[in-house]
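Here's a quick briefing to read alongside the model. Have the viewer open and follow along by topic.

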Protein chains: 4
Amino acid sequence: MKQEFIKFGRRLRVGMVGGGFDSVIGETHRLAFQADGHWDLVAGAFSINPVVCEETAKGLFIADDRNYTDYREMALKEAARADGIDAVVIATPPGIHNAVAETFLDAGIHVICEKPLTRTVEEARQLEQAVARSGKIFVLTHCYSGFPMVRQARELVASGALGKIRLIDMEFAGGSPGVSEEPEDLSKRHWRFQPQNGKEMILGEVGSHAYHMVRYITGMTPTRLSAFMQTFVPRREVYDNAFLNFEFADGAAGRLWSSYVATGTQHGLGFRIYGDKAAIEWHEEDGEYLRFRPLREPETMLRAGQDGTSNFVGYSARFRPGHTEGYILAFANIYREAALAIIQAETGGDSTQYTSGLPSVSDGLAGVLMIDAAAASANAGGTWVDIG
Amino acid sequence: MKQEFIKFGRRLRVGMVGGGFDSVIGETHRLAFQADGHWDLVAGAFSINPVVCEETAKGLFIADDRNYTDYREMALKEAARADGIDAVVIATPPGIHNAVAETFLDAGIHVICEKPLTRTVEEARQLEQAVARSGKIFVLTHCYSGFPMVRQARELVASGALGKIRLIDMEFAGGSPGVSEEPEDLSKRHWRFQPQNGKEMILGEVGSHAYHMVRYITGMTPTRLSAFMQTFVPRREVYDNAFLNFEFADGAAGRLWSSYVATGTQHGLGFRIYGDKAAIEWHEEDGEYLRFRPLREPETMLRAGQDGTSNFVGYSARFRPGHTEGYILAFANIYREAALAIIQAETGGDSTQYTSGLPSVSDGLAGVLMIDAAAASANAGGTWVDIG
Amino acid sequence: MKQEFIKFGRRLRVGMVGGGFDSVIGETHRLAFQADGHWDLVAGAFSINPVVCEETAKGLFIADDRNYTDYREMALKEAARADGIDAVVIATPPGIHNAVAETFLDAGIHVICEKPLTRTVEEARQLEQAVARSGKIFVLTHCYSGFPMVRQARELVASGALGKIRLIDMEFAGGSPGVSEEPEDLSKRHWRFQPQNGKEMILGEVGSHAYHMVRYITGMTPTRLSAFMQTFVPRREVYDNAFLNFEFADGAAGRLWSSYVATGTQHGLGFRIYGDKAAIEWHEEDGEYLRFRPLREPETMLRAGQDGTSNFVGYSARFRPGHTEGYILAFANIYREAALAIIQAETGGDSTQYTSGLPSVSDGLAGVLMIDAAAASANAGGTWVDIG
Amino acid sequence: MKQEFIKFGRRLRVGMVGGGFDSVIGETHRLAFQADGHWDLVAGAFSINPVVCEETAKGLFIADDRNYTDYREMALKEAARADGIDAVVIATPPGIHNAVAETFLDAGIHVICEKPLTRTVEEARQLEQAVARSGKIFVLTHCYSGFPMVRQARELVASGALGKIRLIDMEFAGGSPGVSEEPEDLSKRHWRFQPQNGKEMILGEVGSHAYHMVRYITGMTPTRLSAFMQTFVPRREVYDNAFLNFEFADGAAGRLWSSYVATGTQHGLGFRIYGDKAAIEWHEEDGEYLRFRPLREPETMLRAGQDGTSNFVGYSARFRPGHTEGYILAFANIYREAALAIIQAETGGDSTQYTSGLPSVSDGLAGVLMIDAAAASANAGGTWVDIG
């Protein structure tokens, strides 16, 4: 940590599109980028509702001339300012990710974007091209890959400690009050439950996080899937539960469960990965530990900073073992590395040392391809469908 | 417990077929039926190997004339003795369950039989008829239904506390050294890994326990399934992993995972069941607790003997909350109730008050039908197949 | 386990003094000695109430002529029979342990006795002499030393894996409804709450178990103690909470907490022991695991049967890791080893191979000495008092 | 949360004394005050070492003219600036807390100060007077009182849900590598292990947090204590373990364990509090849950945001249940409320609505009085000593 202390030559300026005071995700991003002190929030188009924009900007001490009601105007004006934003955070529903991201990339502004990347494969491919064309940093906030113990899991798999991977069991299945019921007034549905945003949005939401985690930890992408999806909540018009099975090219098998109806489960993200030598298990709600189970030997409870964890994992935790880091400092890791990547990019350095571990536009495309295949499988009664 | 203290007018005499000293399951049954003191082991045909018979009989203090090497002889001679056995425990591989059980039933001897019921649906149907014809008690030792908290789960579902059941996630997936590798000398394979005993024996073994538990707790039997099965261990010739998906008539959805390659998982039996009002979760390795999660409210840790658990659940635990009961006392519950049922049957009483909660020959048939459907689905590339 | 299978040349005959159907502890002992099938219960003086004797004997299938109402008569008659009992289980309140035990020892009958050994130091010393004089086996049922993971703890300390022991934190502090309140009708108090049985009986009850565990695991006996004891429950006349501090000769420090008012704790036995290299932690309610925490390295969850646990620990568990063994099979270990010791003693063999690990009359004396010192300290306002 | 969104009329400016880049605690405070975005760090005298000052100031983007090497100069100059700091964070060793705090209070600057308040009772009383005299906000960073579930515990006790409190068992006992050994080079000892900072500094460090938590949750301050303290680590010259017993005026009894030699425990802060109706248990390492155990009923796992938790507890958690908040967001609660209190104080509002729940200078004095009594008791061989 001390080693890193002076690496940041300057604080970065950031703006937000979406994320107004009526949004949970906006507050989440702010906590994550503010904690380490590397980002100043100086501009925003926080909502399509001007009142929300106004109140949010005021509450966040945004200067009046940088409180925008139109993201296009924001991109243009910020790009023109000497003290314009270095990066934009896109915290809108996914339907406009593509348009917003392209606008800022084209204006020469780095992008940090919520998942799922886009609504369609076509949009995702376009965005992948836009990122490549721009040369700008693009980070997709699959924030759970910032947990030290998720990173430890990735390193363990890469090191061969698990042996050959056989089974991957992944889930992001919760059922808190907010998602396990439809509101009395259907017009007040969260956008994720609006049918026009896609019947299979559950896979874009919680599913894409879980799918990214499979790929992040194992480095393996499945080749085929079979989907078994349901809608349980009365008056709901989109899927609220999805059981997927996966095949991998090397014979490994996997499952992914996404749900909004796992009643009483508060968060519900977790994985179990089994190799022929050992297995690992992790759950976000108990996320400071990674359980490591070598065949024949006792289970061990790995924790960042202990002997045997890498510098990267140790650095991803800010305290010595025992101080609970939680979700926000995990997310802050994504922002810290994004900041370092942008500074490298802007000073002619090697940004890939930081972006190589960060969720990318290609990861986003992979997620959208999975959703596309799952929809095809579900529509065909659960047949096996190639991914991508 | 005191109430029950004098209910047993006499101790029952029991014999075993299979379960010699080289068998784990034999010792398990003996611990379970001996603990409460209602059963005397007085006869056995413990093995097809006469040396094992001899040593086992000697170690168990069996009289010489009741140490049999042929189960047919045992059935005949025991039936003819005034002090002959009341019941036989069948602890052989499943291939001869049918023949052994019929022999003892026909001799007028009650049967307590290991799972899976039989190797084939045809055998299972025949055995179902043999039981009906005999009028004898037949108990299938799905022993995990003896756990107080599994019984509590059943009562909670029946009471409506979970609301309408939506999702059932069941697993019996372990990977201890004994099952996650093939022996050097393939001739020393445990019978469950011998291809002639069925490529899908994993579903007969751990899978049938898990499937029984679904049906025991929820009272629901799925109508269709889709199977995704693999063989991972080198040189293994049977499936060692099975992912099943289930559909229920009322729209509920389920999964069942059976595995011998869940490396490092010691036991691996557990369930999570989600209704629209609440969910429950249980794992055998932490089996004294049933986690109950009502929507919006805190999780509670239910335990036998606390306010709110029934007399039956309280009675299924022998101590006040806090003394760990473990697997053997759960199994002993099955034997205690089997003893009570047999005593009722022999004294003209109502044995159904005890058998109604015990795994039956019909439950065994249901398990074999599930295995049959899973084999059909797997052979057809995972298509959905009707059960039974 | 197979190795042990034929070691028992014969079943042992056992009788009970106390432990009638109205007693929890009697049922506990029976479950423990019956499970493995090495003991036949054939005689008893189950109560001072003849009706309880009669009903208990009937329920347990005891022959009429071996249902005694006087333990002295029982000792004499059983000693005179060719098929008399090999051993007696004493499950009475502690006030008569001394008299009962001496009677049976003098009659040449081995003794298995509940804790605390006696009410006074003087009685304990007398009983120690009586045992020595008799040459018979005497086992004190500090049953928790039968848990495989408690034995693992002892082996770890002895192996030096913890380094030099510094801190020992032991507790047996529960507060279930039965002990955390006085009954409406004080005449219905359990004997442990009757003032005539000693104001500090809490230390004889739960405290003596915890104290034995300290000594069993570490091999260390404290030299001095300081006691801080309270009575919380209205109308209670004995202590219901005790906080003790201990000094050990080598500078180690310890605490022991005994309580009946730890509201809502179901069982409450557990320990944490810290050396300069590593620490261990165990709780009966999660008793299948021993947590091992080496400095700098991750915590590991030790379990019987895994690589690194000894044969003795593996043998103390009857199943491969994962099947929960629970309290009764732990207690059954004490009875199994007592049986082996008695068979050795009666056949001229070396019984110390079994008794060396079993709680002895000297362990019982050590416990009574601790209680005596604690009473002295509490009476003197918590000053430090030498033990023994 | 949304309700609070616009309450902050302005961001506050803060400076630090101590907390340079070579300090863990400095980074901790920065994460805590930066996360919510209400504080700007604009000045500092980060070290007594000018090189550390320089590097820290540069790394934190502090303007050159606000990088001080003398805290007195800092207080004077900041007080004179129109844009001077609103508050100072004191993150030095406790020996100079008194001097630094008085200097800033006298300069009209609010103070947020690390624990323990001071080294001596006399200093603490002086500081209490200085705070009263100044009329400024003074917050002592007993940061653990920011955890939502610690606040829930306080509310439960106040509501009477536990009934009359009987037993309080508190501990902050860790043993990570950094504290469980002395360095090779004794001159590199952390100040907390330097004898000149007090032989009983363990009570000032971890002990004062635990003691504050007792008082914060229960509202009860013990009247007497008995101390049993040791030094275990070779070459260490201060106590590294302390066992305290407490008496409360109403008959409740308590224990407090502070340790640096609880080998392998990572953090080690936790409590168990028992009333006559229910008990609660909490551990920082599993800090999202508060275990609630009503007599006779199942344990429940309380979590912020569920039905039955208050608005204040819900507000103290930033996310819906399930997202792990961790240590920093708990600490951030202290800073958020300090900011609100300061804004109220500066705008003539009622700051007590915020300070009433925050650790105060009087809480600091209470802690120093406890340490003083413990030292007296330990010096007198563990006799009971009045507190304060």
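Two strands count as paired if DSSP finds at least two bridges between them. Keep in mind that this is a predicted model.

**Strands 1 and 2 of chain B**
- Strand 1 (residues 12–18) of chain B runs parallel to strand 2 of chain B, and the pairing spans six bridges.
- Strand 2 (residues 39–45) of chain B is mostly covered, with six of its seven residues buried.

**Where chains B and C cross**
- Helix 9 (residues 326–346) of chain B and helix 9 (residues 326–346) of chain C have axes that come within 5 Å and cross at roughly 110 degrees.
- That angle is why the two helices count as roughly perpendicular.
- On the chain B side, the contact involves Gly326(B), Ile328(B) and Leu329(B), which meet Gly326(C), Ile328(C) and Leu329(C) in helix 9 of chain C.
- By type, the residues of this contact split into four nonpolar, two polar and no charged.

**Val361(C)**
- You'll find Val361(C) in helix 11 (residues 361–379) of chain C.
- Val361(C) counts as buried because it has 24 C-beta neighbours inside 10 Å, and the cut-off is 20 or more.
- Leaving aside neighbours within four places in sequence, its contacts include Leu127(C), Glu128(C) and Phe138(C).
- Leu117(C) sits 244 residues away from Val361(C) in sequence, yet their C-alpha atoms are 7.3 Å apart.

Notes: Residues are numbered from 1 along each chain as its sequence is written. Chains are lettered from A and ligands numbered from 1 in the order in which they are written. This is a predicted model: local features need pLDDT of at least 70, side-chain atom pairs count only at pLDDT 80 or more; totals for chains, interfaces and linings use all residues. Axes are lines fitted to C-alpha atoms, for helices over the stretch in contact, and angles run from 0 to 180 degrees between N-to-C directions. Helices (H or I, at least four residues) and strands (E, at least two) are DSSP runs, numbered from the N terminus. Angles under 35 degrees count as roughly parallel, over 145 as roughly antiparallel, 65 to 115 as roughly perpendicular and the rest as oblique. Two residues are in contact if their C-beta atoms, placed from the backbone, lie within 7 Å. Ala, Val, Leu, Ile, Met, Phe, Trp, Tyr, Cys and Pro count as nonpolar, Asp, Glu, Lys and Arg as charged, and the others, Gly among them, as polar. A residue is buried if 20 or more other C-beta atoms lie within 10 Å of its own, exposed if 12 or fewer, and partly exposed in between; C-beta atoms are placed from the backbone.
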